[in-house]
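Thanks for making time. I will talk through one model this morning, and here it is on the screen.

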Amino acid sequence: MKILFQGDSITDAGRDRSDIHNLGHGYPLYSAENIKAAFPATEFEFINLGISGNRAENLRDRWTEDAIDVDPDVISILIGINDTWHRAGDKNWMPHEYFEECYRGILERLKKETHAKIILLEQFLLYVPDKDFFHVDLDPKIQITRKLAREYADVFVPLDGLFAAASVGRAPTDFAADGVHPTEVGARFIAEHYLEAFKKLGLC
């Protein structure tokens, strides 16, 4: 069974890009470990093609080679924080309509051109004071992601909400020091929920 991880730096996680099977040191690595442990009788191929700095439009532009041609059985997508962060400096926010157009385009292609089951992971921001103003733009885009998940995803992982709940009574920076890039604790937290999402597909 071929499982493809797609997204930005949270997925990339320092992987060796010369080897598509190198999973980096983030949630793809721990998710693969969890899945293999849970389903030892199944043979898996795990591929990580996340690229640091990517936005939804970057996925769209590389989607043929890095998703459609890979022909995965399962694809997971975690994208969207850079669509806010990269415009935060001057608050010249990316239009929500453009974000949705790019994201919808890649999901539509998956449905039409592959047999892949889709796990959609929500973009997230843990509380750190210097990025709190991101929510003006981020929150509407999270709602777009949720809407697209209802339309296209086989399973949805609401990471922003899950991290918010987990941060009650615990420092958010335990999960991501800068609010975005997970610590090992944060990456393992995502991986726990990734395994539960994978189980819901009923493929094993």
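Some ground rules before that. This is a predicted model, in which local features need pLDDT of at least 70 and side-chain atom pairs count only at pLDDT 80 or more, while totals for chains, interfaces and linings use all residues. Residues are numbered from 1 along each chain as its sequence is written, and side-chain values use heavy atoms, with hydrogens and water left out.

Let me start with strand β3. Helices (H or I, at least four residues) and strands (E, at least two) are DSSP runs, numbered from the N terminus. Buried means under 20% relative accessible area, exposed means over 50%, and partly exposed is in between, with a 1.4 Å probe and protein chains only. On that scale, five of the five residues of β3 are buried. In a regular strand, side chains alternate between the two faces of the sheet. Here Val74, Ser76 and Leu78 lie on one side and Ile75 and Ile77 on the other, and both faces are covered.

What does β3 pair with? Two strands pair if DSSP finds at least two bridges between them. Strand β1, residues 2-7, pairs with β3 in the parallel sense over five bridges, and Ile3 has Val74 as its bridge partner. β4 also pairs with β3 in the parallel sense, over five bridges; there Leu78 stands opposite Leu121.

Next, helix α8, residues 159-166. Its buried residues are Leu159, Asp160 and Phe163. They sit on the same side of α8, because they cover an arc of only 100 degrees around the axis, taken from the directions from the helix axis to the C-beta atoms. The cover over these residues includes β3 (74-78), β4 (117-121), α7 (135-152), β5 (155-157) and α9 (184-201), where contact means heavy atoms within 4.5 Å.

Is Asp137 buried or exposed? At 1% relative accessibility, Asp137 counts as buried. Leaving out residues up to four places away in sequence, Asp137 touches Asp83, Thr84, Trp93, Met94 and His96.

Now the aromatic rings. Rings of Phe, Tyr and Trp (its six-membered ring) pair if their centres lie within 6.5 Å; planes under 30 degrees apart count as stacked, over 60 as edge-to-face, and the rest as tilted. The count by this rule is 15 aromatic pairs. In one of them, Phe99 and Tyr103, the ring centres are 5.7 Å apart and the planes at 75 degrees, so this pair is edge-to-face. Phe99 and Tyr103 are four residues apart in helix α6, separated by about one helical turn. Phe99 is buried at a relative accessible area of 0%, and Tyr103 is buried at 0%. Phe133 and Phe134 make another edge-to-face pair, with centres 5.0 Å apart and planes at 85 degrees. Phe133 is partly exposed at 31%, whereas Phe134 is buried at 3%. Ring pairs also link Phe5, Tyr27, Phe39, Phe44, Phe46, Tyr194 and Phe198 into a cluster.
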